[in-house]
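Student: Could you take me through how to read a few local features of a protein model, one at a time?
Tutor: Gladly; let us look at the model together and start with a side-chain contact.

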Amino acid sequence: MGCVFPLPKERQEAAARVTPQRETSFIEKMKKTNRNMVVFYGSQTGTAEEFCGRLAKDAQRYGMSGMSADLEENDMSELPRLVEIDNSLAVFCMATYGEGDPTDNAQDFYDWMQETDEELNGVKFAVFGLGNKTYEHFNAMGKYTDKRLEELGGRRIYDLGMGDDDGNLEEDFVSWKEQFWPAVCEHFGVEATGDDTSIRQYELVFPTDINMNKVYTGEMGRLKSFETQKPPFDAKNPYLATVAVNRQLNQAGDRHLMHLELDISGSQIRYDSGDHVAVYPMNDVSIVNRIGQILDADLDTVISLNNLDGESNKKHPFPCPTTYRTALTHYLDITNPPRTNVLFELAQYATDPKDQDILRKMASASPEGKGLYQSWVLDAQRNILAVLEDMPSLHPAIDHLCELLPRLQARYYSIASSGKVYSNMVSICAVVVEFQTSTGRSFKGVATNWLKNKVVVTDNGHKATVPMYVRKSQFRLPFKASNPVVMIGLGTGIAPFMGFLQERGWMKEQGKDVGETILYFGCRHRNQDFMYQQELEEFEKVGVLTQLNVAFSRDQEEKVYVQHLLKKNNEHLWKLIHTDNAHIYICGDARNMARDVQNAFYDIAEEVGGLTHTQAVAYIKKLMTKGRYAQDVWS
Ligand SMILES: Cc1cc2nc3c(=O)[nH]c(=O)nc-3n(C[C@H](O)[C@H](O)[C@H](O)COP(=O)(O)OP(=O)(O)OC[C@H]3O[C@@H](n4cnc5c(N)ncnc54)[C@H](O)[C@@H]3O)c2cc1C
Ligand SMILES: Cc1cc2nc3c(=O)[nH]c(=O)nc-3n(C[C@H](O)[C@H](O)[C@H](O)COP(=O)(O)O)c2cc1C
């Protein structure tokens, strides 16, 4: 260990000015602000964070005083000290990612839970997990947290809740909450106040003496960070990459499949094949304008929404000061169906009692209310604009709406190039999301439609740009190039394999001994969505791709999927896996494909390897643990 020298006093003061000290002791903060309930979140794309905020806000209605807290920003080794606060409770909203992994902000807490032998001395807790049933490790992080806190001596005051994002996550959460609060009241002997009035968390301020240089225009962190770009680039400081290529990959069919190349030269961004690129999109200008019109708002008004809780680490719901236009364009999610708490809070602004009633009913836990929310909001894909349009008596204050809407999240894409071959370029392969809702509206996916319209050079000669950063993944080619690889991709799931193929080709050129490289690709029609056909055939011609298998599901009467082709080649695949140490990769829409492919491998292990079903399952699990069966799937 090196020596540590204290800084001179004036340097310490200067350092404190540059990086303001954050309060990491949640215990001290709770004591200082008279809170007895803390709600922690492990969240990647904001849902768990949003749920935490709602629980902390609800607390007041149930005789508790709550605050929400980022696991990453607090010293979690203090958890045993929670008993120092009377009638205290810690709630955890934990999302699961990858192979049952924690979110980035929950990683340190997860490590702490695994390693610590500290006693929790009866610390009272409850856990709500967020997951998706289409993934193998459903809600693994919620389950682990719930089990581990009890093992460490914590006292569970209400059962683990498990939300399923493949079903209706909002309903799962509302149903859990409905049971959780009475359990809290009973446990602590407190009464629900029955007070359903709306509680504002932020105060609307119109800055005086506006200096437009100090107004946020879409930056995620530092003001003017898009004008003066400074590495390192990450979620809070994205790089503004120029769009070098944007071409359509299909010549026929209704869908728009696209290949983009983002220029990252000079950014110092490094990436490996298999990593993800995160893109911050902008909302559709016409939706923003229409919201402004319906609410009679001057969208160019400069505002700041300031947290009424001066002790909170979160001073504003989004970077402030800014304009309503910037908030609705860059910072807020205006296209996903609004959650029930938003509808509940908006109800007060409906002048027609019938509309008020419907909005409140949809936010209630009654079966009728849940059914109505499911059909009127979720099934009909009504976004906030559609709600406003279809309820003409609803006229909320725009600042309150901005406080309530969740943040617009970055979209991830599996990088479709190799950082070894194209160090200055990050490629994306994506399909544009567009469909008609049951109310006859056209739903346009935010990021894909925004990317589709990115022309390489705009009319005024400027280059189109995309705020992005790279997120490391564990989807990696084998360390030894001589190991065979079997890649299975569906639709845009071809993306990371384009990077893998470029890299295997590059290794071959370096004279390395490169093992068999096999691709199974599934799409609908040969003449419509056989993406990168030319490139793939070229890889095959030069021997980089040793086998190209394509399943065109809709080109014949009987559906043909990748798993059918896998089973046809079962003998060879088993040899590659069992004898030659092959690595298997699966990428694409998780919903059914990943499960079907996994079942095909169980069948191969049983039919060719002679294993029982239980042995086959254990065999594939072992490959996963060894990193020889990797999945990059989304839904
Ligand atoms: C790790 C990871 C890697 C990814 N890699 C890729 C990739 O390489 N290529 C790629 O194209 N995508 C990829 N995705 C998905 C991508 O991040 C976006 O979700 C996708 O592009 C849609 O974004 P959007 O903003 O255009 O749509 P959004 O505005 O987010 O809208 C999408 C919504 O529309 C719904 N929807 C879509 N179609 C229909 C329909 N027909 N009927 C009803 N509802 C529908 C979806 O359920 C979803 O709720 C990846 C996702 C993750 C998490
Ligand atoms: C790339 C990816 C991987 C995921 N992996 C899992 C998983 O292994 N198990 C699971 O139950 N849910 C998984 N999910 C679902 C998320 O946990 C779920 O959508 C959750 O609501 C996200 O919460 P957040 O918005 O707070 O990050 C995954 C989602 C994505 C996008």
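**Reading local features**

Tutor: In this predicted model, the side chains of Ser304 and Asn306 are joined by a polar contact of 2.7 Å.

Student: Where does Ser304 lie, in terms of secondary structure?

Tutor: Ser304 belongs to strand 11, which covers residues 302-307. Setting aside neighbours within four places in sequence, the residues in contact with Ser304 are Glu203, Leu204, Val205, Pro207, His316, Cys320 and Pro321.

Student: Is Ser304 buried or exposed?

Tutor: Burial is judged from relative accessible area, and buried means under 20%. Ser304 has a value of 7%, so Ser304 is buried.

Student: Which residues does UniProt list under "binding site"?

Tutor: The UniProt record, an unreviewed entry, places that feature at Arg411, Tyr412, Tyr413, Ser414, Cys429, Ala430, Val431, Gly445, Val446, Ala447, Thr448 and Trp634. Of these residues, Gly445 and Val446 are included in the lining of the second largest pocket.

Student: What can be said of the surroundings of Tyr412?

Tutor: Tyr412 sits in strand 13, residues 411-414, and, with a relative accessible area of 28%, is partly exposed. Beyond its neighbours within four places in sequence, Tyr412 is in contact with residues including Gln44, Thr45, His276 and Tyr469.

Student: And which residues are in contact with Val431?

Tutor: Leaving out neighbours within four places in sequence, they are Arg255, His256, Leu257, Thr448 and Thr492. Val431 itself lies in strand 14, residues 425-431, and counts as partly exposed at 24% relative accessibility.

Terms used
Residues numbered from 1 in each chain as written. Chains lettered and ligands numbered in written order. Predicted model: local features only at pLDDT ≥ 70, side-chain atom pairs only at ≥ 80, totals over all residues. Heavy atoms only, no water. UniProt positions renumbered as here; feature names shortened; annotations may be inferred. 1 Å grid on protein atoms, 1.4 Å probe; cavity = no way out; pocket = protein on both sides within 12 Å on 5 of 7 lines; lining within 4 Å. Helix = DSSP H or I, 4+ residues; strand = E, 2+ residues; numbered from the N terminus. Buried < 20%, exposed > 50% of the residue type's maximum accessible area, 1.4 Å probe, protein only. Contact = heavy atoms within 4.5 Å. Polar contact = N/O pair within 3.5 Å; in protein donor to acceptor, adjacent residues only side chain to side chain.
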